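Have a look at the structure first, and then we can go through them together.

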Amino acid sequence: MISIDIPILTDALNEEQRDMLMQQVTVTYPYKGEVLYKEGDDPDYLYYLQQGHVSIVSKKENGGHRIIRLVEPGAIFGYHQAFTNECYKMTAIAGDNAIVMAFPMSVVFHLIWENSGFAMVFIKDLSSLLGLSVRHTRVLTEKHIRGRLASCLLHLKKKYGTTANGTINIYLSRESIAGITNMTTSNAIRTLSAFADEGLVAIEGRKVRIINEEGLERVAEIC
């Protein structure tokens, strides 16, 4: 059994229940691009992201994929279909330097039945994801491409923070950014370059540094 602090899962459990959960954990160090689970797989595990990031993606008609959600460190994922006894509808792909823990859903369900506080963890998480989904849908349907990209960059900064030199602490290809914001890759590149020309951001290699956050917030609000 390993001793790792996972507040989102362990705070509601007593000592015996925590031991039961942690005795079943599998810790993995997936390489960048490794598939953790794919569309059509059975949801046998709940996943917890200790470090790095994981992309939840859906298939596109052209054979590529579009990012639906970025999982941040400290979040749980991959369990939703288990509650409806369905297979996965999307695929989870590891990003840079990811550390992922997997817990059997059989143990999770046992603890849910035993501990109502533990059950509330999942009710709150699902409610939060529903709210994020509604807000994301509004951004994609109501905003111009400038507003969508500005909202995306602000969200990434809030979610992942920045490095010592101020760049957003996550690398996403321009194609990935385009997928998140529901625009073409060429539009994403062109709009990001326009933001740089306007002094809103600086493009530093493959990363982005927000220079004028207030200006970017105005773009996200009015566009």
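Lining the largest cavity are L153, L156, I168, I170, Y171, L172, R174, I177, R206, K207 and V208. The model is predicted, so to speak of local features a pLDDT of at least 70 is needed, side-chain atom pairs count only at pLDDT 80 or more, and totals for chains, interfaces and linings use all residues. Residues are numbered from 1 along each chain as its sequence is written, and side-chain values use heavy atoms, with hydrogens and water left out.

**The cavity**

- On a 1 Å grid over the protein atoms alone, a cavity is a set of points where a 1.4 Å probe fits but cannot get out, and lining residues have an atom within 4 Å of a point.
- Searching the whole structure turns up one cavity of 30 Å³ or more.
- The largest cavity has a volume of about 90 Å³, a volume being the space filled by probe spheres set on grid points that are joined across faces, edges and corners.
- At least two lining residues of the largest cavity come from each of α6, α7 (174-181) and β10 (207-210); helices (H or I, at least four residues) and strands (E, at least two) are DSSP runs, numbered from the N terminus.
- By class, this lining has eight nonpolar, no polar and three charged residues.
- Ala, Val, Leu, Ile, Met, Phe, Trp, Tyr, Cys and Pro count as nonpolar, Asp, Glu, Lys and Arg as charged, and the others, Gly among them, as polar.

**The largest pocket**

- A pocket is an open set of points with protein on both sides within 12 Å along at least five of seven lines.
- The largest pocket holds about 1,500 Å³ of space.
- It is lined by 45 residues, and I68, L132, S133, H136 and H155 are the closest to its centre.
- Two or more lining residues come from each of β5, β6, α3 (80-84), α5 (116-142), α6, α7 and α9 (213-222).
- With 13 residues, α5 gives the largest share of the lining of the largest pocket.
- The lining of the largest pocket divides into 21 nonpolar, eleven polar and 13 charged residues.

**The second largest pocket**

- About 400 Å³ of space lies in the second largest pocket.
- Of its 23 lining residues, S55, H65, I67, S173 and S176 lie nearest the centre.
- β4 (54-59), β5, β7 and α7 each give at least two residues to this lining, and the largest share, four residues, comes from α7.
- Its lining has eight nonpolar, ten polar and five charged residues.

**Salt bridges**

- The structure has six salt bridges, each a side-chain nitrogen of Lys or Arg within 4 Å of a carboxyl oxygen of Asp or Glu.
- One of them joins D96 and K32, with the closest N and O atoms 3.8 Å apart.
- This pair links distant parts of the chain, 64 residues apart: D96 is in the loop between β7 (91-94) and β8 (99-104), and K32 in the loop between β1 (26-28) and β2 (35-37).
- D96 is partly exposed at 29% relative accessibility, as is K32 at 49%; buried means under 20% relative accessible area, exposed over 50% and partly exposed in between (1.4 Å probe, protein chains only).
- E72 and K159 form a salt bridge too, at 3.4 Å from N to O.
- Because E72 lies in the loop between β5 (65-71) and β6 (76-77) and K159 in helix α6 (residues 145-160), the pair ties together parts that are 87 residues apart in sequence.
- D41 and K38 also meet in a salt bridge, at 3.2 Å from N to O.
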